[in-house]
Amino acid sequence: MVSPTPIPMPETALTITGLTVAYGSVPVVATVSARFPKGSMTAVIGPNGAGKSTLLKAALGLIPAVTGDVRAFGQPVAKAMPRIAYVPQRAAVDWEFPARVIDVVQMGLYRKTGLLRRMTPGLKAQAMACLTRLGMQDFADRQIGALSGGQQQRVFLARALAQEADLMILDEPFAGVDAATESTIISVLHGLRSEGKTVIAVHHDLSTVPAYFDRVLLMNRRVIAEGATQSTFRRTLVAEAYGNTLLTAIPA
Amino acid sequence: MTDALLHALLFQGGYNAALVSLGAALLGLAAGAVGAFTTLRRRALTSDAMAHATLPGIGLAFLVMAAAGGDGRNLIGLLIGAGLSAALGLFWLQRLTDRTRLTEDAATGAILSSFYGAGIVILTVIQNLSLGRPAGLEGFLLGSTAGMLMSDALLIAGGGAVILALLVILRRALAMTAFDPSHARMMGVNTRAADMALLLLTLACVLLGLRVVGLIMIVALLITPALTARLWSDRVGVVALMAGAIGAVAGHLGAALSLVLPDLPTGPAIVLITFAAFLLSALFAPGRGLIARALARARLSTSVRT
């Protein structure tokens, strides 16, 4: 039953095949396979401990995987790394570190400066433009520890924007941020999508999934469902992932 | 005495004394600047374990050199022994942390104390051997500029300059690795190499500091200037420069003091000066100092009340 002419596949930004990750001998991500088409915006959803952050970190090679193959833009991830930006959870770094907001954003330009090259006026302007895109231009000289949680999240996103990546992966970008920050961040992310970039985000607020994302990866250690939000974000599937049926706000 | 101190400070205490002072200042500059990154990467205690782990190597190197018929006190020979022994300590520290349930701080304590204990035993054995004259290795515990040769001072000054040059080259990679290692790796920084380089730079400071500051106190010359500078600036580059400056002043002043008061070991003198700088900064630094914070609180409470 093989069709004579292969169906053209939309180009894929990230392909995960059979990825398994274990902490000690306990598998937290079990043979997960998923495709993220170019230009799509995908929410990775599932209950606490479902392995969402772990999946993305392992896909990026930040933590070791037991088995599995991950490709970005058709290449091994390590090779495609210059085209990928990652926004970690805010708690991942020490905010008492002696750096100003603009210093952190400029770290996103390291591929252009390397060890020794000067931070030229052009590069400084680029970093500043990324801050402005997130409404943080007035905080450029502020010490990062003096920021609110939402402002810290915006600084991280500005650092990722400075990388000019084609694939943006975010770990809970909306955790603990206020409504104003959330709407700033989502409009920046939608802007990236309209530029043809690919966005993947671990997401917790089920009520905003249909409005924010066009695709969903529903998982609980393994993949429950994957696909367009309309067909995948359904009550029975979500209930299967979360293990209960109290999800009345979700379309059946 | 004040006259003699002034002379020593102004490099006029004789050629040798001037070199010792200059060497101590360069050592302080290098250790302060490297220490800024060591503390930010949370390796402060590791550097202390490293320093204590040099002692068995110093003793064994002395024995080997003396047995070979040479001068057991040759500084380069002793430093090679110290470096090998510290590297062994670091290797075991890594193994203990990776392969046992010991946490890093516990493993650090275990390595620090057992290597130091072994070193003291070896030093005692050396003292009880009849080698004709005293080995003088106790100077490595608390630091001593007495009997320092010009070649020693030149070695320290030259080593300090090399360390500083490497630090200037690596500063961006080291800062990014310290702030967010995952991001640094994704940006193409070889974080393993950066961490290894930082460890080696720290080890180099420890080795160069053995003669002047002594292995017990060298950790203070790495950490205290960094903590002090942190009170004055929010930029990693400025913190490193200031820490280096504080270390240089403390090194210079401490060496001069110890030249004038020959009974005062150099290490404690230098460490007390860095601590004085920290105390003054903790009180008076704008923004983060205790006084500035108390004033800010007082202003706020009056403005709230009215």
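This is a guided tour of a predicted model, stop by stop, with what to select at each.

Residues are numbered from 1 along each chain as its sequence is written, and chains are lettered from A and ligands numbered from 1 in the order in which they are written. Local features need pLDDT of at least 70, side-chain atom pairs count only at pLDDT 80 or more, and totals for chains, interfaces and linings use all residues, while side-chain values use heavy atoms, with hydrogens and water left out.

**Stop 1: the open sheet of chain A**

Select the strands S6, S7, S8, S3, S9 and S10 of chain A. They form an open sheet of 6 strands in the order S6-S7-S8-S3-S9-S10, with mixed pairing. Helices (H or I, at least four residues) and strands (E, at least two) are DSSP runs, numbered from the N terminus; two strands pair if DSSP finds at least two bridges between them. The edges are S6 (84–87) and S10 (222–228) of chain A; each has a single partner strand, so one side of each lacks a neighbour in the sheet. On average, neighbouring strands of this sheet are turned by 15° against each other, direction ignored; the axes are lines fitted to C-alpha atoms.

A:Tyr86 has A:Ile169 in S7(A) as its bridge partner.

**Stop 2: A:Thr42**

Move to A:Thr42, in strand S3 (residues 41–45) of chain A. A:Thr42 is buried, with a relative accessible area of 2%. Buried means under 20% relative accessible area, exposed over 50%, and partly exposed in between (1.4 Å probe, protein chains only). Not counting residues up to four places away in sequence, A:Thr42 touches residues including A:Phe36, A:Val199, A:Phe213 and A:Leu217; contact means heavy atoms within 4.5 Å.

**Stop 3**

Select S1 (residues 12–23) and S2 (residues 26–37) of chain A, an antiparallel pair with 8 bridges. A:Thr12 faces A:Pro37 of S2(A). The hairpin has 2 residues between the strands, and A:Gly24 takes a positive phi near 65° there. S1(A) also pairs with S4 (residues 67–72) of chain A, antiparallel over 5 bridges, with A:Leu14 opposite A:Ala72.

**Stop 4: aromatic rings**

Over all chains there are 7 aromatic pairs. Rings of Phe, Tyr and Trp (its six-membered ring) pair if their centres lie within 6.5 Å; planes under 30 degrees apart count as stacked, over 60 as edge-to-face and the rest as tilted. Select A:Phe97 and B:Phe179, a tilted pair at 5.3 Å centre to centre and 55° between the planes. A:Phe97 is in the loop between S6 and helix H3 (101–107) of chain A and B:Phe179 is in helix H8 (residues 150–179) of chain B, so the pair joins two chains. Both A:Phe97 and B:Phe179 are buried.

**Stop 5: A:Tyr242**

End at A:Tyr242 in helix H10 (residues 235–242) of chain A. A:Tyr242 is partly exposed, with a relative accessible area of 22%. Beyond its neighbours within four places in sequence, A:Tyr242 is in contact with A:Ile45, A:Gly46, A:Pro47 and A:Leu206. The side chain of A:Tyr242 reaches the backbone nitrogen of A:Gly46 at 3.3 Å.

Technical notes: Axes are lines fitted to C-alpha atoms, for helices over the stretch in contact, and angles run from 0 to 180 degrees between N-to-C directions. A polar contact is a pair of N or O atoms within 3.5 Å; within protein, one must be able to donate a hydrogen and the other to accept it, and residues adjacent in sequence count only if both atoms are side-chain atoms.
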